[in-house]
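Here is a short report on one protein model. Start with the structure itself, then read the notes below.

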Amino acid sequence: MKYKVDLLTGIRPTGNLTAANYLGAVLPIIELQSQGISPLVFVSDIHAITDKEPDIVKEHIYGIVADYIALGIDPQKANIYLQSDIFGEVTTLTTLLARLVSVAELLRVPTLKDKLKKNAKPEMANSLLLLYPVLMASDILLNKAKKIPVGEDQLAHMEITRLIARRFNKKYGEIFPISQALHIKSLRILSLKGEGKMSKTNPSGAIFLTDDLKTVARKIKTAETAVEGEMNKKLESHILIAKGLAKTKSECDEIDSIIKEHKNGKPVMGQFKQTFTLIAQNFIEDFQIKRSEIIRNSSYVQSILEKGSQVAKRNATETLDDVKKALKFN
Ligand code: AMP
């Protein structure tokens, strides 16, 4: 079974990125890209409307493309498309695939169970949420993608894609390859305040890549660390961010030597925060300059999305033709 795409990944256009988004979601793609793998990236605006209004989602599309390019996704190597540019193909395949997986199987997906628990009332979760894994299967299978980089929480979704592909192939003929999850090292960046994960929903503990430099300094200044001689999860997470955002080896070495002194009982957390602040400000300043250059040139972003959409459209049309033939719709 032939693959059309080596690596497929989706990004949700749902607002400003945090340092954790960069380290956990964008950097692994950039690392794969530097190993010579060309990713096909899609802006998942259809997925995003499961819990956001479509007009809000639309506002974030150009911004997220600019974010990814400013952070290092190379549009010469990667194709980037907008999921809704192949709306018809995505929704048609979703409908045709949905009949191959039962409601009970979808209800067992842990991310859905979590959402239902958080919302407390199942009636608050709309039914597109139930179909989310089928929508994801449709993106992957339209592109006959070989590998999908996923974190721990997405593994169950990938299993639904594989299950659907196997069931389809068995019943209607070998159309789909069985895509593989490319398990990316799962990072857990903590909130600077120490309460849970760094997240957009808790802005005071999150470093946003759009924060101004004073805000970055203030947030790091009030971050919780550890008493002299001790290590804890919070400090480990701050080190991860500082070294992840560092542009040079000497900045990483400086962090290492401060932490060595800290472990020896020296009171160096002030110095650590100063170095952490400088590293974060450097990274963010550089990012914001690049991003605003990209945003100013909206026809550039437009042309990138057009190039990507041509690739996605070609893949999707071919796959859907095969599927319709197999199902005797043609
Ligand atoms: P979200 O902004 O919550 O939609 O997250 C998008 C992606 O960013 C996730 O799937 C993760 O890959 C990454 N991410 C978000 N928050 C964190 C975090 N605190 N630690 C590590 N990775 C994260």
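## A lysine with positive phi

Is Lys144 buried or exposed? Lys144 counts as buried, because its relative accessibility is 9% and the cut-off for buried is under 20%. The model is predicted, so this value, like the others here, is computed from predicted coordinates.

Lys144 sits in the loop between α8 (127–142) and β4. Its phi is positive, at about 40°, although Lys144 is not a glycine.

Is Lys328 buried or exposed? Lys328 is exposed, because its relative accessible area is 71% and exposed means over 50%.

Strand β1 covers residues 5–11. Five of its seven residues are buried, so β1 is largely enclosed by the rest of the structure.

Which strands pair with β1? One is β2 (residues 39–43), which pairs with β1 in the parallel sense over five bridges. Another is β4 (residues 145–150), also parallel to β1, over two bridges. Leu7 has a bridge partner in each of these strands: Pro39 in β2, and Lys147 in β4.

## Two loop residues

Arg12 lies in the loop between β1 and α1. Arg12 is partly exposed, because its relative accessible area is 32%, between the cut-offs of 20% and 50%. Take Arg12 together with Lys260. The pair is 248 residues apart in sequence. In space, C-alpha to C-alpha, Arg12 and Lys260 are 39 Å apart.

Leu100 is found in another loop, between α5 (87–98) and α6 (103–107). Why does Leu100 count as buried? Its relative accessibility is 8%, and the buried class takes residues under 20%. Leu100 and Val134 are 34 residues apart in sequence. Their C-alpha atoms are 9.5 Å apart in space.

## The second largest pocket

Rolling a probe the size of a water molecule over the atoms shows where empty space is left. What is the volume of the second largest pocket? The volume is about 310 Å³. The pocket is lined by 14 residues. Closest to its centre are Leu23, Leu27, Glu31, Lys185 and Leu187.

By residue class, the lining divides into eight nonpolar, three polar and three charged residues.

## Where the lining comes from

Which helix gives the most to the lining of the second largest pocket? Helix α1 does, with six residues.

Terms used: Residues numbered from 1 in each chain as written. Predicted model: local features only at pLDDT ≥ 70, side-chain atom pairs only at ≥ 80, totals over all residues. Heavy atoms only, no water. Buried < 20%, exposed > 50% of the residue type's maximum accessible area, 1.4 Å probe, protein only. Helix = DSSP H or I, 4+ residues; strand = E, 2+ residues; numbered from the N terminus. Pairing = 2+ DSSP bridges. 1 Å grid on protein atoms, 1.4 Å probe; cavity = no way out; pocket = protein on both sides within 12 Å on 5 of 7 lines; lining within 4 Å. Points joined across faces, edges and corners; volume = space filled by probe spheres on them. Nonpolar A, V, L, I, M, F, W, Y, C, P; charged D, E, K, R; others polar.
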